[in-house]
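The sequence and structure are shown first.

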Amino acid sequence: MSALHKDAAIAVIGAGAMGAGIAQVAAQAGHPVALYDTREGAAAQAIAGIAKQLGKRVDAGKLDAAERDAVVARLTPAARLEDLAGSALVVEAIVENLEVKRGLFAQLEAICGDDCILASNTSSLSITSLAATLKRPERVAGLHFFNPAPVMALVEIVAGLASDKAITDCLYATAKAWGKKPVHTKSTPGFIVNRVARPFYAESLRLLQEGASDCASLDALLRDAGGFRMGAFELTDLIGHDVNYAVTCSVFNAYYGDFRFQPSLIQKELVDAGRFGRKSGRGFYDYAEGAERPAA
Ligand code: NAI
């Protein structure tokens, strides 16, 4: 099946780190994009953030001002879910919680037209389970971007047990048309990337907990000797500990408590303290203006 036409209306739900990034990718590909968030003002704020980011590229001579304006003009904050009724594709990027996502998908099923594809950016939750309570589970699939979505090429196209192949093929072709490198996967806990990445986070956290070294040294080692772009502590600070911890818990539970995926108490402490990482100004490191890293 071919990609969605670039005039097709896209809706993104959740204007956080991922939703904003996905909205930007779709708008850059030429789609009109509506962005919705239950947090008042969040969608407009996210669009302003995208405009600011693109403005930096204009200043650096990497993007035409006219192109920036065109991308920003294609982004609209939506005041109500009902405003998304005419969408060809809805991408959900809200909190990593199955019941909350299921509630949203039930609402979307009632609002969106029969041809609308309902996609989730979930990192780990079962697409099969997410779709199971809907009347038409076949139009649900995972469209899993990585952070930051405008930069990272990989996108996992996740098929649940009921997902229609025509839908996953369309998402694959659409992600490709958006300049991404899609990969098909089945809905296993954590899919591919979050499955293989779990030991990377877990062993780093265990090393820290055992006092082997501090997070800055461990990050430097993973970067310099391991060849990773980021160490586990700077990466989880970027992802957000609320999100990363929820994903670990979800994978751990889905594999019936397999020790390899056991969540870390150190990370739980950060979540309990509201130290979510970059987005809250502090995680393993301190991002407050003028702060010397690391804080942990
Ligand atoms: P975030 O916390 O930055 O943003 C979530 C947004 O969703 C918030 O603005 C919140 O107000 C909004 N929201 C919550 N419930 C809502 C609802 N019922 N309706 C509308 N909006 C609602 O989270 P982030 O990092 O953007 O993650 C979102 C999803 O993407 C999660 O499922 C996460 O697992 C997944 N993901 C996260 C990645 C990351 O590195 N942070 C990478 C890939 C996927």
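Predicted model: local features only at pLDDT ≥ 70, side-chain atom pairs only at ≥ 80, totals over all residues.

## Domains

The chain is divided into two parts: domain 1 spans 10-186 and domain 2 spans 198-280. Their C-alpha centres are 26 Å apart.

Where the domains touch, 6 residues of domain 1 are in contact with 9 residues of domain 2. On the domain 1 side, the touching residues comprise 2 nonpolar, 3 polar and 1 charged.

## Ligand shell

The ligand is surrounded by 27 residues, and Gly14, Gly16, Met18, Ser123 and Asn147 are the closest. Two or more residues of this shell come from each of helix H1 (17-28), helix H4 (98-111) and helix H10 (241-254). H1 provides the largest share, with 3 residues.

By residue class, the shell holds 15 nonpolar, 9 polar and 3 charged residues. Both domain 1 and domain 2 take part, each supplying at least three residues to the shell.

## Helices H8 and H9

Helix H8 (residues 215-224) and helix H9 (residues 232-239) have axes that come within 7 Å and cross at roughly 100°. Because angles of 65 to 115 degrees count as roughly perpendicular, H8 is roughly perpendicular to H9.

From H8, the contact involves Cys215, Leu218, Asp219 and Leu222, which meet Ala232, Phe233 and Glu234 of H9. The residues of this contact divide into 5 nonpolar and 2 charged, with no polar residues.

Notes:
Residues numbered from 1 in each chain as written. Near = placed C-beta within 6 Å. Helix = DSSP H or I, 4+ residues; strand = E, 2+ residues; numbered from the N terminus. Nonpolar A, V, L, I, M, F, W, Y, C, P; charged D, E, K, R; others polar. Domains from an automatic or database assignment. Contact = placed C-beta atoms within 7 Å. Axes fitted to C-alpha atoms, helices over the stretch in contact; angles between N-to-C directions. Parallel < 35°, antiparallel > 145°, perpendicular 65-115°, else oblique.
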